[in-house]
Amino acid sequence: MKVSVHLHTTLQKVSPTGPVRELEVELAEGATLNDLIALLKLEINDEHTLCVVQGQIAERTQILSDKDIVHFIPAISGGGFPGNAGI
Amino acid sequence: MQVWRVNVRTKMLVRESVPAAWEHLGGRGLLARIMVDEVPGTCEPLGRFNKLIFAPGLLVGHMLSSCDRISVGGKSPLTRGIKEANAGGTTGLHLAYLGIKALIIEDQPEEKQLWLLHLSKDGIQFMPADDIAGLGVYEAAEKLRSRFGDKVAIALIGTAGEQRLAAAGIQNLDKDRVPSRIAARGGLGAVMGSKGLKAIILDTQGTDKPPIVDPAAFRLAQKAFTKSLMEHPQTKVYADYGTAAMTRMANGFGGLPTRNFSSGQFEEADRISGEFLRQVILERGGEGEPTHACMPGCTIRCSNNYADSKGTSLVSPLEYETIGLMGSNLGIGDLDTIARLNRQVNDQGLDSIEIGASLGVAVEAGLMKFGDGERAYDLLMEIRKDTPLGRIIGNGAVTTGKVFGVLRVPAVKGQAMSAYEPRAIKGTGVTYATSPQGADHTSGLTIRAKVNHLDPKGQADLSRGTQINMAGYDTLGACIFAGFGFAAAPETIRDLLNARYGWSVGADILQVLGKESLKLEREFNRLAGFTQADDRLPEYMNHEPLPPFGPVFDVSDEDLDGVFNW
């Protein structure tokens, strides 16, 4: 199956032709977000990174589907602070 | 510190000591207190009984990173409720140096003339503003700088404030003296125009730094706060990509306002993203800067300077909210076009969020087509020329919708939504619906929370927490983004306040201040005639699914009405 990956801000990949932030990735059936993270060698900080699949926050154990659109986002607040600790 | 009361009819200043009930407040909270104490809720916003108030936050004056913001307030001609709009730049710092806790501008001049109000330690002077009347803010600020020098702070209005348009803001100089830090929302520029003031000049010659009761403790807390801020991963993201980093994030959630809030994803989002913006700025070189501080001493430096292909500055800063409302919301996927629109809006002294939303509604009215940047610019020039069409658009999205019979108007309490689709980010929808400020970009966004943003349950609780915290930060004079430094070291807020003022407040002071501010704001709005019926999103958002994921706004009325039950 194929998923479409969007890498945000500091997670963009460096290439000789400039930063790469959108790529198509071929994965085995049943692959999870964790498998994708390992394949792309992404350094994900769980506390400060949002993984978004089809527009929704996803756990790293989520099994991906063909044509999923996945975003890896070093979280920024845009202003909201739900709590007062560690956000 | 003192309260300075300036009467624009008599041209007199009265300096007063700070009333006991005002002492523990600053910024947004103090504005709310003064509005409830002194301004009739039912007054005409552009009439003589409204007041225009400038109040630096409680922590302003010490170049604490990202904590020198100025709050400006009054009754809004846009929402007809309470309004606080805050800005970076140097106005807050200068007011604190002058020892002014609140500058209250009262009454209305009898004559039609526009004035400059000059403040120094010796008092005030009114000077005719004939030579800058009718000028945009860039040229007006340049003339004022050559007259008063580079050391003054200036708060001024553009043509829009002179025209009394409900989308007019008040601009402040940034640390490089560019008049781009706008207290934008709610039409306070029109209130300033109604007071006959084109500009306020703050001269701090001969003044001292504001006193600190326990300097050693303050330094210690400052160090801990700065460390927390610098170590936070968000600081680097904001320094490199600015607020524009939000473009792709919002798009990923299907929450990027697109084509008058008719979709949550924009096919050209990458071309207006923070990542692309940084690439373009670095490639073009010249005057462009991807990283820029708006206030002296800010360590985050989320601002930028966007240059054209020759390296000449087009606009500084180019921010997410403008990119969302004047970019994707208008179907415009080109940063140069957005920057040109932004520059024109700035020069007139207009709120780019409100005007972007007005233009989105204008498209539905058949006045332009999505993606037509030239026509959008022409419509901005209609505002500048003060034509009837320009005055309609310049009075905001709701007015534009009413006049042209458009029902899809993304606004609450008369104020346009910022660049977060409330159907896709429902906690932010709750904030838009219930904030006493109207749909606002700084009142409590929730996109950062690790929750299912499409689930209506729990969104009211989420919004409550962010609204309280944001009202607290606005009372401190802290930038939204100082918040993630404070959130990781919350005790520093208590320690800074206790060291600065000799108080003994507790660790929950942020929430205490936030709750008091919100309570006062809601009290003013109650006196102005607001009810629960005003705490609702536009009807179409409750039943028209938002592409591509199809959510509607379905947080219950009961949840909305319970937001302020704490």
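**View 1. Strands β1 and β7 of chain A in the predicted model****.** In this predicted model, strand β1 of chain A (residues 2-7) runs parallel to strand β7 of chain A (residues 69-74), and four bridges join the two. Within this pairing, A:L7 stands opposite A:F72 of β7(A).

**View 2. The open sheet of chain A****.** Five strands of chain A form an open sheet with mixed pairing, in the order β4-β1-β7-β5-β6. Because β4 (22-26) and β6 (56-57) of chain A stand at the edges with a single partner strand each, one side of each is left without a neighbour in the sheet.

**View 3. The interface of chain B and chain A****.** Here 42 residues of chain B are in contact with 35 residues of chain A, and the two chains bury about 3,400 Å² between them, 60% of it on carbon and sulfur atoms. Of the area that chain B buries against chain A, 21% is supplied by B:R248, B:R448 and B:K450, more than by any other three residues.

**View 4. The salt bridge between B:D270 and A:R21****.** The rule finds one salt bridge across the interface of chain B and chain A, in which the side chains of B:D270 and A:R21 meet at 2.6 Å, N to O. Between these chains, 11 residue pairs, with both residues at pLDDT 80 or more, are in polar contact.

**View 5. Helices on the side of chain B that touches chain A****.** Among the elements of chain B that each supply at least two residues of this side are α7 (233-241), α8 (246-252) and α20 (509-527), while the largest share, six residues, comes from α17(B). By class, this side of chain B has 25 nonpolar, 12 polar and five charged residues.

Definitions and conventions
Residues numbered from 1 in each chain as written. Chains lettered and ligands numbered in written order. Predicted model: local features only at pLDDT ≥ 70, side-chain atom pairs only at ≥ 80, totals over all residues. Heavy atoms only, no water. Contact = heavy atoms within 4.5 Å. Buried area = accessible area lost by both parts, 1.4 Å probe. Salt bridge = Lys/Arg side-chain N within 4 Å of Asp/Glu carboxyl O. Polar contact = N/O pair within 3.5 Å; in protein donor to acceptor, adjacent residues only side chain to side chain. Nonpolar A, V, L, I, M, F, W, Y, C, P; charged D, E, K, R; others polar. Pairing = 2+ DSSP bridges.
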